[in-house]
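Q: I am new to reading protein models. Can we go through one feature at a time?

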Amino acid sequence: MSLLATQDLTIRFGGHVAVDAVTCSFEPGTLTAIVGPNGAGKTTYFNLISGQLKASAGRVSLNGRDLSGLSASQRTRAGLGRAFQLTNLFPRLSVLENVRLAVQASREGSHRRGLNLLSIWSDHEALTARAREILEQVALLPKQDELVSALPHGDQRKLEVALLMALEPQVFMFDEPTAGMNAAEAPVILDLIRRLKADKRKTILLVEHKMDVVRELADRIIVLHNGALVADGKPAEVIALPVVQEAYLGASSPSAEGAHP
Ligand SMILES: Nc1ncnc2c1ncn2[C@@H]1O[C@H](COP(=O)(O)OP(=O)(O)OP(=O)(O)O)[C@@H](O)[C@H]1O
């Protein structure tokens, strides 16, 4: 049984079918890159999986459980990890405090041992230690005391990834994780994704426009085109397809022919 699967997943906006009956499954220990031209439906597919959008038809399942009726936060609790929108954060709290809250949320229950001051303090220490560990991995430890609202864009993106790590999901969903980052910042996030990949229990989905990143990180690539899944396979085979060449490398013959769903 696949960890995560979509079955005929579809969404229509008025007459426009943005995601068109996509059936696909994702296995643990695999990083799948989702590629396709602008407007192909990649982000919308992510939004349908994570519950930010409600499907017009089809279903999403995790460990065989149908998630269709669940909200985005219920899906997060079920194990689907999507980077937080920074608007969900507490801008007037520090970077460390935000990550600590996310660690605490993911360990809900274990820190509530009644009003025993000693256990409250030791839990607080453990949560802080874990939050610092995560911040170190995303190279944000030097900024742990800064207010989230004061962070530059690249650091905000790193913080999104830190919060995702804090939740310890089964499925990590990254939507252009290095977009807007400068040349010094992007490798930090890519290194982190490489390390996550080494954990064979994790399933990673990555929407990424940079083909060199996709080529290096992906075990498998799926291609969306006009909302439909038009190719699925090993990176070298999929990258050679005309639809991918056209979208990313500006080849002259736009065609999905020869692709194999
Ligand atoms: N809320 C919405 N209402 C109406 N149309 C939408 C909505 N969200 C997405 N769309 C449309 O659905 C299509 C797919 O958009 P989506 O953002 O998923 O594409 P994408 O592959 O992620 O593109 P990009 O690579 O440019 O980020 C587009 O035509 C877009 O305009």
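A: Begin with residue classes: Ala, Val, Leu, Ile, Met, Phe, Trp, Tyr, Cys and Pro count as nonpolar, Asp, Glu, Lys and Arg as charged, and the others, Gly among them, as polar. A residue is near a molecule or strand if its C-beta atom, placed from the backbone, lies within 6 Å of it. In this predicted model, the shell around the ligand has 3 nonpolar, 6 polar and 1 charged residues. Those residues are Phe13, Ala18, Gly36, Asn38, Gly39, Ala40, Gly41, Lys42, Thr43 and Thr44.

Q: What rules sit behind the numbers and names?
A: Numbering starts from 1 along each chain, as its sequence is written. The model is predicted, and local features need pLDDT of at least 70, side-chain atom pairs count only at pLDDT 80 or more, while totals for chains, interfaces and linings use all residues.

Q: How many helices and strands does the protein have?
A: Helices (H or I, at least four residues) and strands (E, at least two) are DSSP runs, numbered from the N terminus. Here there are 9 helices and 10 strands. Helix H1 (residues 42–50) gives the most to the ligand shell, with 3 residues.

Q: Why is H1 called largely enclosed?
A: Count neighbours. A residue is buried if 20 or more other C-beta atoms lie within 10 Å of its own, exposed if 12 or fewer, and partly exposed in between; C-beta atoms are placed from the backbone. In H1, 7 of the 9 residues are buried, so the rest of the structure largely encloses this helix. The buried ones are Lys42, Tyr45, Phe46, Asn47, Leu48, Ile49 and Ser50. After H1 comes Gly51, with a positive phi near 95°.

Q: Is Ser73 buried or exposed?
A: Ser73 counts as exposed because it has 11 C-beta neighbours inside 10 Å. Ser73 sits in helix H2 (residues 72–78). Its C-alpha atom is 8.1 Å from that of Gly51, 22 residues apart along the chain.

Q: Where is Gln170, and what does Gln170 touch?
A: Gln170 lies in the loop between H5 and strand S7 (171–175). Two residues are in contact if their C-beta atoms, placed from the backbone, lie within 7 Å. Leaving out residues up to four places away in sequence, Gln170 touches Leu3, Gly79, Lys202 and Thr203. With 16 other C-beta atoms within 10 Å, Gln170 is partly exposed.

Q: What is the largest nonpolar core made of?
A: A nonpolar core is a set of buried Ala, Val, Leu, Ile, Met, Phe, Trp, Tyr and Cys residues joined through C-beta atoms within 7 Å. The largest one has 70 residues, and those with the most contacts inside it are Ile34, Val99, Leu135, Ala162, Ala166 and Val223. Helix H5 (residues 153–167) gives the most to this core, with 7 residues. Take Val99: not counting residues up to four places away in sequence, Val99 touches Ala131, Ile134, Leu135, Ala162, Leu163 and Ala166.

Q: Which domains are assigned?
A: Domain bounds come from an automatic or database domain assignment. Here it gives domain 1 (1–79 + 169–261) and domain 2 (87–168). Their contact takes 11 residues from domain 1 and 11 residues from domain 2. Helix H6 (residues 186–197) supplies the largest share of domain 1's side, 3 residues.

Q: What is the average pLDDT?
A: pLDDT is the predictor's confidence in each residue, from 0 to 100. The protein averages 87, and 87% of the residues score at least 70. Over residues 252–261 the pLDDT is below 50. Where pLDDT is low, the predicted coordinates should not be read in detail.
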